[in-house]
Amino acid sequence: MKFKRISVASNLLCFITAIYITVFFNRAAFVFIADYLKEDFLSTGIIAATLFLLTYCLLVLFSAPYLIKPALIFFVTVSASAAYFIDHFGVLITPNMIENAATTTRAESGHLMNAHFVTNMLLYAGLPSLLIIWVEIRHRPFVQKLWVNTLLISGCLIAGVALLLTNFGTFSSMFREKKAEITGRLNPLAPLSSTIRYFVKVNDERTYIAQPLGTDAVQTKPHQEGSNKKRLTVIVVGETARAQNFSFNNYYRDTNPMLRERDVLNFTDVSSCGTETSVSVPCMFSPFPRTEYSSKKFRQSENLLDVLKHAGIQPLWVENNTGSKRVADRIETIDMSQLQEGNPNCAGGECYDQVLVDTLASRLDSFKTNTVVVLHMLGSHGPAYYRRYPPEQEVFKPACRTSNFADCTQQEIVNAYDNTIAYTDKILAEIIDLLKSREGEFASSMIYMSDHGESLGEKGLYLHAMPYFIAPREQTTIPFISWFSPDFLKENDLKQACLKTLSDHPASHDNLFHTVLGLMNVKTTVYDKDMDIFNSCRGDGAAS
Ligand SMILES: [Zn+2]
């Protein structure tokens with residue numbers, strides 16, 4: 001006997017799918033709204049009903065033979081995957097989030113799309129998709145369908161507006177005040193609009209040309225063979241390290257055992273430019289402060305590394321993350337992902353940050369003049385924190401050893417994260433030791449700054465990338481640590497005792513551009529001494 005397929009009218013299928021999407025994939029938005037409205041469930045229900053009507057309108061637009069099935073499957077799949085990240089990590093879906101997803105490495109996306117994600121998708125998107133494929137859909141004759149659907153969509157839109165008018169004052173002030181928090185959780189609106197906005201941005205940026213910056217730059221103390229040592233500044237760009245988990249910043253655990261043994265200067269009050277790599281990293285190297293920074297401005301201008309090059313300094317970018325985010329477009333770059341084969345520190349398309357120390361060591365002999373090296377770490381990039389350090393470096397136990405947080409306790413997640421900070425401490429100490437071991441040839445300094453912080457479950461949030469103006473401080477407060485060799489202090493005219501007084505001086509990514517120019521004695525009109533964090537400790541005026 002042949003198994004009979006169920007026959008269903010096209011608009012009824014749209015209706016059922018719209019209910020399914022509204023109920024299953026918008027829970028986080030409704031919880032947020034109910035919370036904002038102080039548990040006014042009637043008003044929350046009105047928003048939910050309006051969202052359902054709008055989703056239904058959207059689906060009915062695609063209600064045509066051959067189009068309807070792929071369209072419904074697409075909307076269900078997009079909503080299910082966005083809802084997974086919203087529900088599991090508390091993230092918001094924004095154009096920057098889409099950019100992160102589009103520009104990530106295969107290894108990194110592998111950690112996010114783990115077995116738990118796949119199971120979730122099979123259940124919430126795969127199964128309904130099979131049902132959609134299986135049912136037989138009845139369509140009205142074309143002209144009749146056109147009329148019916150036009151009336152249906154108009155009716156839904158009118159009903160939606162009427163629903164919102166029942167409590168318009170409250171709803172409009174809520175959307176004005178919490179627009180990002182609500183729209184970033186709505187499905188399928190958030191992933192669709194964010195993807196469109198991301199591609200519009202990419203398309204616009206294709207035509208941008210980086211205008212020259214600081215072409216007047218000169219070194220006031222260039223390297224001269226035989227008279228002074230080569231100056232070397234290593235900028236270590238950290239990843240996802242938040243300040244509060246450093247024992248330097250009063251964390252209850254000893255996450256800085258090795259740096260504490262070295263004469264470093266830690267800044268205790270430092271904020272980031274963005275809450276994600278693709279904003280923070282370009283912003284750090286751009287001449288613009290956070291309040292003026294935009295991706296467009298960055299792409300239309302050269303950056304710190306170009307200015308250094310204009311001054312005759314050799315810049316080098318060593319990449320162990322997901323790319324320089326176009327900061328190093330015009331300078332020499334070494335990509336660690338090319339190392340892979342046979343390297344004991346690399347596996348599965350990723351390398352421990354140890355490779356940065358090894359690469360720096362192997363390149364020192366090639367530096368013939370004053371040099372600035374950027375080491376872009378993988379640092380504490382989540383959710384697979386346990387993959388950031390070798391197993392023997394696991395100090396805090398038990399550590400969460402999966403990228404699916406639902407399988408770990410809160411403490412296990414924090415333990416894994418703290419291990420990444422302790423490992424970063426070790427890497428930075430090794431860099432300092434390496435620079436010390438070459439004091440005969442180089443006057444060296446090291447600057448370490450993370451790109452942004454991380455949420456570890458506070459307020460139900462995980463990971464990062466919250467829009468800046470609503471981001472919790474865990475995501476925007478970052479570590480900033482510096483170290484100078486005695487010769488460097490002398491060459492750069494810095495007073496050690498004065499430097500120690502800077503520790504609680506507020507600093508931010510805005511300072512990096514000018515600070516590095518100051519450290520390399522670069523004179524240029526784009527340098528602002530007031531933004532150079534060490535400038536007050538330079539010269540005879542500084543307290544020695
Ligand atoms: Zn980052």
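**Notebook: cysteines and cores**

I looked up C156 and found that C156 counts as buried, at 7% relative accessibility. The model I am reading is predicted.

I next asked which cysteine sulfur is nearest to that of C156.

I then searched the whole structure for disulfides and found 4. A disulfide is a covalent bond between the sulfur atoms of two cysteines. With the bonded cysteines numbered in sequence order, I recorded the pairing as 1-2, 3-4, 5-6, 7-8.

For C400 and C408 I recorded a sulfur separation of 2.1 Å and a right-handed link with 75° about the S-S bond.

C498 is joined to C537 by a disulfide, S to S 2.0 Å. I noted that this pair links distant parts of the chain, 39 residues apart, with C498 in helix α18 and C537 in the segment after β17. The link of C498 and C537 is left-handed, at -75°, and both cysteines are buried.

Finally, I examined the nonpolar cores. The largest has 86 residues, and M446 is among those with the most contacts inside it. Helix α15 supplies the largest share of this core, 13 residues. A second, separate core of 51 residues includes W317.

How values were computed: Residues numbered from 1 in each chain as written. Predicted model: local features only at pLDDT ≥ 70, side-chain atom pairs only at ≥ 80, totals over all residues. Heavy atoms only, no water. Core = buried A, V, L, I, M, F, W, Y, C linked by side-chain atoms within 4.5 Å. Buried < 20%, exposed > 50% of the residue type's maximum accessible area, 1.4 Å probe, protein only. Helix = DSSP H or I, 4+ residues; strand = E, 2+ residues; numbered from the N terminus. Disulfide = S-S within 2.5 Å.
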